[in-house]
Amino acid sequence: MSSEVYGLFFFGLLTVMVGVYLLLGYRNLIRIMLGVEVISKGTTMILLGAGLYQGRPDFIQVLIVTFIIVEAILAAVMLGIVIISHKIHVTLDIRRQSKLKG
Amino acid sequence: MGTILLLLLVFLLVLAMGLARDLLKAAIALALASVFLATILFLHGAWVAAVFELSVCSGLITVLFVSTISLTKDSDQKEEAKLTGYLLPAFLLFFIGVDCLALRWLGPFFLDAKAMVPADTLTGGFSKVFWGDRTTDVLGQAALILSGVFAILSLFKRKAQHHSLEGGKHE
Amino acid sequence: MPNLSWFFTIPLSAALLMPFAAKVHRRAVDGLAVLAGFILLCLSLGTVLGGVPIGDFTAGGLLLRADGLSALFLLVINAIGFACLVYATDYLDHLGGRAKFFGLFLILLLGLNGVVLVHDLFSLYLYMEVASIAAYMLVAFTLEFDGIESALKYLLLSVVGTALILIAISLVYMRLGTLEFTAIKESLAQGAMPRLFLLTGTMFVVGFGLKAAIMPFHAWLPDAHPSAPAPVSAILSGVVIKVAGVYSLIRIFLGIYPRTPQIQGVFIILGVVSMACGAIIAYYQDDIKRMLAYSSISQIGYIMIGLGIGHPLAIAGALFHILNHAQFKSLLFLNSGALQFRTGTRNMTEMGGLENRMPVTSTTSVFGTLAIAGVPPFNGFFSKLFIILGAIKAGYYAVATLAAVFSIFTLGYFLIIQRRVFFGKLNAKWKDLQEAPLAMSVAVILLAASCLLTGVFFHQILSWVIEPAAAVLGGK
């Protein structure tokens, strides 16, 4: 059991980091959104790890389900905005859209 | 042990997503990763979460991504930033390093994982906890879904009545 | 008998009814929104003045808790929310989709109310997400280039923050087996866990810092606030960043985790950086809303300083400043929206001499300027004073001096704005300009009046609102 918790945390954290990398490193909006999804996967793994450690799969799976629902709605809204953004100026390149400064 | 293998699979798929040249392949990799993650959830007794992960993540979200990809196919997307792809292995090593350090630092926490609370959790347990203990969250999710509906509607179904606030160009 | 669940059911029902109201009549939508806002306002006043019971509420399986701190924030959320809803009834004439806008706005209020009424970390996260998702869409609502871009930027940074917060929540659960506030507090009181604090503490600070736009996590704010429709900018700057970000930080670091010098130091440093850089960058802006956005970053800095210092006077000042900043910042944003509504521009160099053409906007802006710069008897003076006094009493003389200096600097650049926009010679372009429409004027007049009244009656406000909040944190 311990090793699995360890594994979940290890890979979960790693996945989150890769997700952030994808989010920051790519220019294509859709790849950036994929990065967001990757972050979600990693977070799910970490949540599961925490729940298993405490030995309460029932509690943690409720949290995970809630999290998945939130992520689904977020993905829908995100992708909706991406589609509209595409309609406005046809490019999905986020660097082209740097009219706004930090 | 099976879990570790599955985790590795998930992770490899995630990497595949980062390196895939074709967006569609990346989306499929995401879907497959979700399937494996759902299996992991199932193996550890989180049935309901596994079902949600399958239907929502590898199902719904993949469909959303594929639709978006096909709807935006005619974007003048220049060739993807190859540099990011090449740098990924290097960063990956860095991430693994950080990860190991972090977990070693947290080490004492992992020593005594508690035993799993037995069985009735696998069946009626979810409903009781979800609807009973966490009713507040259910209310929040209802509001969330409503907000998602409004958001999608306001993105795609607006009456033609909007003209720019700025009379001409500003700044 | 009204109770805490009404903070949820009222906005939810109103939002659900929106599509039907839209079929009835355009103005029915407005009426429904304003009515819901008004009820929420009365409810929040009820938590402060009595009439709505505070404490635990557990009917129907809901687990809500309102204490002094929640009451303060409920007031902020629903009062500003009401003003923005009133304002929006006229402002939305330029945009379509009124029912959807109000629906999203009401859900935003629901989410914010939820954040301050739950007593469990995961529910906090959930309601924060409810508010955030509504906010992303509201920022993008104009469907124009600026709005869409800013919404995406906001979304991306916010998601990273959320991930950090969830990971921290997982760690807390893993170690303590519970996510409920008082349970965590009790577990932690039994034994120090420095590693847990350090790790989860850092993640919470970064995660919620991203939501609160504290420097250096502020990158999304200067784009999001200008591009959003004015009532959205107002509620974002005045309320959302404080509720999603600052409230959570307060609840966790001053209410649950034991106070350590490290955390206080971190708060103070982040606060000083935000206060200084925000003010300086604001000075160089031409776009009025962008300037206001940077000014918000600066004012949040003051609040963080007050919280970090830890002296009861400083904490009271910080809490009071939360209330005050919400009022005057939303006032200023709504006025900038009125300017944009009539002139079609946000660029201050193109304006000039508008005081005669738009007397209401001009006068209320003066109120707002005096309030934010900390001129008595307006509210800003007292809150900043308490923070500075608290700093002095706790021995942070350098911080106090900086705070005072930047206060004067703030006064300086806001007066420059007033002069550029309202005083001086009337730019010929605007000679036929009209004042802002009725609803918009009513909203800003209400806010301006409250800035003055909150200042004049600061003593009552302190005892009714601020002290109960500070008491929750173990203050004076």
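Between chain B and chain A the count is one salt bridge, a term that here means a side-chain nitrogen of Lys or Arg within 4 Å of a carboxyl oxygen of Asp or Glu. The partners are the side chains of A:K41 and B:E53, at 3.2 Å from N to O.

Before going on, some ground rules. This is a predicted model, where local features need pLDDT of at least 70 and side-chain atom pairs count only at pLDDT 80 or more, while totals for chains, interfaces and linings use all residues. Residues are numbered from 1 along each chain as its sequence is written, chains are lettered from A in the order in which they are written, and side-chain values use heavy atoms, with hydrogens and water left out.

Back to chain B and chain A. The contact, meaning heavy atoms within 4.5 Å, takes 82 residues from chain B and 67 residues from chain A. The size of an interface is often given as the accessible area lost when the parts come together. Here the buried area is about 7,200 Å², and carbon and sulfur atoms give 75% of that; the area is taken with a 1.4 Å probe and summed over both parts. On the side of chain B that touches chain A, the residues divide into 56 nonpolar, 14 polar and 12 charged. In this scheme Ala, Val, Leu, Ile, Met, Phe, Trp, Tyr, Cys and Pro are nonpolar, Asp, Glu, Lys and Arg are charged, and the others, Gly among them, are polar.

Next, chain C and chain B. Chain C brings 54 residues to this contact and chain B brings 35 residues. About 3,900 Å² is buried between them, with 66% from carbon and sulfur atoms. Which three residues supply more of the area that chain C buries against chain B than any other three? They are C:H94, C:K100 and C:R195, with 16%.

This interface also has a count of one salt bridge. It joins the side chains of B:R134 and C:D120, at 2.9 Å from N to O. By class, the side of chain C that touches chain B has 30 nonpolar, 12 polar and 12 charged residues.

Last, the cysteines. How many disulfides does the structure hold over all chains? The number is zero, with a disulfide taken as a pair of cysteine sulfur atoms within 2.5 Å. For C:C84, the nearest cysteine sulfur is that of C:C451, 13 Å away. C:C84 counts as buried because its relative accessibility is 1%, and buried means under 20% relative accessible area, with a 1.4 Å probe and protein chains only. B:C57, at 6% relative accessibility, counts as buried too.

Notes
Buried area is the accessible area (1.4 Å probe) that two parts lose on being put together, summed over both. Buried means under 20% relative accessible area, exposed over 50%, partly exposed in between (1.4 Å probe, protein chains only).
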